[in-house]
Amino acid sequence: EEYLDEDDPTFLSDTVHIGIDEYWNITSSERSYMVTLIDEVKELLESKGKTVRVWSGLGSYTGSNVANYNDMVMDCWATSWDSPFQRLADGFKIVNVDQPIMYNNPGRNGRDVVNVEWMYENWDPTVFAAGKVTKGDPGLLGAKTACWADVNFIGVTEKDCDERIIR
């Protein structure tokens, strides 16, 4: 609560991204703990008037109850883990951050920058590597690109990512 209520709060936006993806090899007891953590953080943020945002993959913790969380905004990045089409059907608001198209990972997967020429000619926010969302779907809030400098042993910095995004 100190990050939301104190004299100098950390989270000023009306939306807070809580992440929660890429927790590998989760056990049943850890899954239960993650659901409790998600529920508690969600309840706290919503009590402060915040919209909760998550990365796709929520279903790996919540299982078949994932639709119970459809008041959160989901950044859909890994369609192999979580279907943007299913999340729209479940009532989620989603943002297209599809990893094969919208990501650049300097030093990894040969994708140093997003292919803007291909995007200009072939892409719109409804396009995911796994298919297309219906144009005008009210659940699709838009799209964004992402740069992950998570291969830091080769010396990629946040500044390097910034330069790749603004090219």
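These legends describe close-up views of a predicted model.

Residues are numbered from 1 along each chain as its sequence is written. In this predicted model, local features need pLDDT of at least 70 and side-chain atom pairs count only at pLDDT 80 or more, while totals for chains, interfaces and linings use all residues, and side-chain values use heavy atoms, with hydrogens and water left out.

**Figure 1. The whole protein chain.**
The protein chain holds seven helices and nine strands. Both are DSSP runs numbered from the N terminus: helices are H or I with at least four residues, strands are E with at least two. Along the principal axes, the C-alpha atoms fill a box of roughly 45 × 40 × 35 Å. Buried residues make up 38% of the 167 residues. Buried means under 20% relative accessible area, exposed over 50%, and partly exposed in between (1.4 Å probe, protein chains only). The accessible surface comes to about 9800 Å², with 49% belonging to carbon and sulfur atoms. Areas come from the Shrake-Rupley method with a 1.4 Å probe; for residues, only the protein chains shown count as cover. Among contacts with a separation of 6 or more, 57% join residues 24 or more positions apart. Contact means heavy atoms within 4.5 Å.

Helix α2 covers residues 28-47. Its 20 residues should span 28 Å at 1.5 Å a residue, and its end C-alpha atoms are 29 Å apart, which agrees. The expected span is 1.5 Å times one less than the number of residues. Met34, Ile38, Lys42 and Leu45 are the buried residues of α2. Seen down the helix axis, they fall within an arc of 70 degrees, so they line one face. The arc is that of the directions from the helix axis to the C-beta atoms. An α-helix has 3.6 residues a turn, so residues three or four places apart point the same way. The face turned away from the buried side carries the exposed residues Ser29, Tyr33, Glu40, Glu43 and Ser47. The buried residues of α2 pack against α1 (2-5), β1 (15-17), β2 (51-55) and α3 (59-62). Just after α2, glycine 49 takes a positive phi of about 80 degrees.

**Figure 2. The largest nonpolar core.**
This core has 22 residues; Ile20, Ile38, Leu58, Met72, Met74, Phe92 and Ile94 touch the most other members. A nonpolar core is a set of buried Ala, Val, Leu, Ile, Met, Phe, Trp, Tyr and Cys residues joined through side-chain atoms within 4.5 Å. Elements giving two or more residues to this core are α2, β2 and β3 (73-76). Helix α2 gives the most, with three residues. Apart from this core lies another, of eight residues, among them Val73, Val95, Val97 and Ala146.

**Figure 3. Methionine 72 and its contacts.**
Not counting residues up to four places away in sequence, methionine 72 touches Ile38, Lys42, Val52, Val54, Leu58, Phe92 and Lys93.

**Figure 4. Glycine 19 and isoleucine 20.**
Glycine 19 counts as buried at 15% relative accessibility. Isoleucine 20 is buried too, with a relative accessible area of 13%. Phi of isoleucine 20 is near 70 degrees, a positive value in a residue other than glycine. Leaving out residues up to four places away in sequence, glycine 19 touches Arg53, Val54 and Trp55.
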